[in-house]
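The following exercises are to be worked with the sequence and the coordinates at hand. Each task is followed by a solution in steps.

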Amino acid sequence: MRGPLGAVIGRYTSSDGSAPNDGIIKHNRKCRDITFLVIFIAFWVSMIVNSSFGFNQGNPLRLTYGLDYEGNVCGSKHRHRDLTQLELRYWLNPNQVYESGLKDGELKLANARTICLLDCPEPSDDTLNWVCDYPDGEIRLKMNDWIDRNYDYFEFLTPEMRNSSLQLQGPCYPVIFPSVNVYWSCQYIARASNSSLRHWQQMGGVNIQDDMIIDKSIRGAMNSRASVLKRYVADVGKSWPVLIVCGGLIPLFLSIIWLFLIRHFVAAMPWITVVFFNMLIISVTIFCYLKAGWIGNDAVTPIIGEHDPYFHVYGRELTHVRGVAILMTFISAVAILTSIAIIRRILMATSVLKVAAKVIGEVQELIIFPAIPFAMLAIFYMFWLLAALHLFSSGQVVQNNCNNTNCCAYDLVLKKVNCDHCCGYSIRYTPHITIAIFFHLFGCYWATQFFIASSATVIAGSVASYYWAQGEASPEIPFLPVFASMKRLARYNLGSVALGSLIVSFVESVRFILEAIRRRTKVRGTTPDHWFSRIGHYTSHGCLKSVEWTIKSVNRNAYIMIAITGKSFCKSSAIATELIINNIRRIGKVNVIGDVILFLGKLCVSLFSALFGFLMLDSHKYRSSHNKVSSPLLPVLACWALGYIVATLFFAVVEMSIDTIILSFCQDSEENQGNAQHAPPDLLETLDSNEEVEVQRLITH
């Protein structure tokens, strides 16, 4: 049976009239859950080792640009060839592109000969343009001269080289089809230039296939799931200034402003939060409609640079944005209806927020304290994002095996047509890389939960000191309660915080994996047919979500009791759960409505961050040239997630203040036969009136 907590965290006169106990948070504390602290430290060491693998093997440019016929990444500098300015991938042999698009063809587009160029070549109306291999062997041209000549040195070729070029075996290849820059690849337009084709035929060139398959083959490769995923990850890397501004600075500023407003205008803030939330979610929805092309003509486009008037392509990115627009429409409708439904409950939330505002006024360091975990998280995220980009792009560049295809190309160094090593290159990903990526993602979530939990524990320890001292400036209260609470956390409770954050991360990971499996089985049409199986199939998601929410709620209360009692995580969870169950009717409605208002406040900050990120990504910098993002979707989601995390850190000041006061109130009531001796008057009025209403309702029925 647990003893009274008053002796642990504050001066009080016990029910038997005995003298006050020791003092505020002065009892026999010791380190708890050390095993999990060791596991957490070992995990960080593993994260560093895992990231070092990515830094050694990865190259983020692979996520954006392709490989040329030598296995070099376009847009980067290599040992024997500088391709820094040559960012575009171009398929030299149009017949290879055609063959790769045939259903029964053995040649894959990955094996087709590609080269890195500065811009996409265009056919000429007067003569036949050529794109030749990089100058080597007898071709005494520098790379800059080759670029200045529009990649053409056909006039310098020997008769043997010219003959092989007319057989589409290089080293020079004719420009027959116009092309346009689509995601840094020169997309063929299946509309051959009649003038260039006529010149080619007059020179005795082999027959060139002119068909829509040429267009579809390249487009299909660029719209594959792997290509889209790489582009989305690359978008996050390119938009790092947007992430800093909209995922860090803006939510930091808005969260601090919100705390100051809740401190001085607490009665109006719930109403302002609800109205502002609805305005923001409607604004984000309208902006999604704009980017989807349903309002105006500003839709997401894969074309980079000038548009070809005869070429229109709608990639998967546009479909994704339209899906988000539909989802936001549904969310907006639900949000507005929910806001109308909770209008009567906002007054109750205001009463609780007044108590929290009073505590923040007494412990003013609480307003600026979240800047410490914010700075630590910002440093961690910068390291994590850089490592993630390298991990996603890690792998070995290997030459494909295409012995069954008639693939030959002229080798300028060997001075002959070579059919042994003419296949294209690709990046080979091993199972180890997949495991490393998932480990890296899990590490991000666990570290985030750990920082949030540590911040919550510090805030709870600071607020508890003042509750049990009845707001008096007792000499027993540390001069800076926030830093005293941080010291206790670092000395005794890091293991308990690591355990709590690990539980949340593990449950969330399991839910994510099961949700992915559920979606995949739904796509493949393998959903159970039996009605009983379908019920289990569809309710499992809801159950897992409920379990996740329950664990997060229990953890939050456990952190409070850890800060107060110094007990282990499991013991603190049991104490907090018992207190809540014994007082569920008294505090349930007040706590839920307060959480709803705080949740809407977090969404306001994150939605504003997402909307501002949308506006920044809509500027010219991110819509053209090498900084172009393929879709604003993932960077905006990243801004939203980062904004929500930053808001969670700062709003935890109010959230944990409310929860700490309520739990302390429950314990105070139990120790004093139902009459809390240390509770502030505003809290007594709110909770007692809530209990009276509940009792009156039970008597009436």
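**Exercise 1.** Leaving aside its neighbours within four places in sequence, with which residues is Leu 259 in contact?

*Solution.* The model is a predicted one. Begin by locating the residue: Leu 259 belongs to helix 9, which spans residues 240-264. Next, set aside the neighbours within four places in sequence; the contacts of Leu 259 are then Ile 367, Phe 650, Val 653 and Val 654.

**Exercise 2.** Determine whether Leu 259 is buried or exposed.

*Solution.* The relative accessibility of Leu 259 is 0%. Buried means under 20% relative accessible area. Leu 259 therefore counts as buried.

**Exercise 3.** Where is Leu 168 placed, and what is its phi?

*Solution.* Leu 168 lies in the loop between helix 5 (159-166) and strand 4 (172-174). Its phi is near 60°, a positive value in a residue other than glycine. For comparison, most residues other than glycine have a negative phi. As to accessibility, Leu 168 counts as buried because its relative accessibility is 5%.

**Exercise 4.** Classify the accessibility of Lys 415 and describe its backbone.

*Solution.* Lys 415 is found in the loop that runs between strand 8 (409-411) and strand 9 (416-418). Although Lys 415 is not a glycine, its phi is positive, at about 60°. The relative accessible area of Lys 415 is 44%, so this residue is partly exposed.

Terms used
Residues are numbered from 1 along each chain as its sequence is written. This is a predicted model: local features need pLDDT of at least 70, side-chain atom pairs count only at pLDDT 80 or more; totals for chains, interfaces and linings use all residues. Side-chain values use heavy atoms; hydrogens and water are left out. Helices (H or I, at least four residues) and strands (E, at least two) are DSSP runs, numbered from the N terminus. Buried means under 20% relative accessible area, exposed over 50%, partly exposed in between (1.4 Å probe, protein chains only). Contact means heavy atoms within 4.5 Å.
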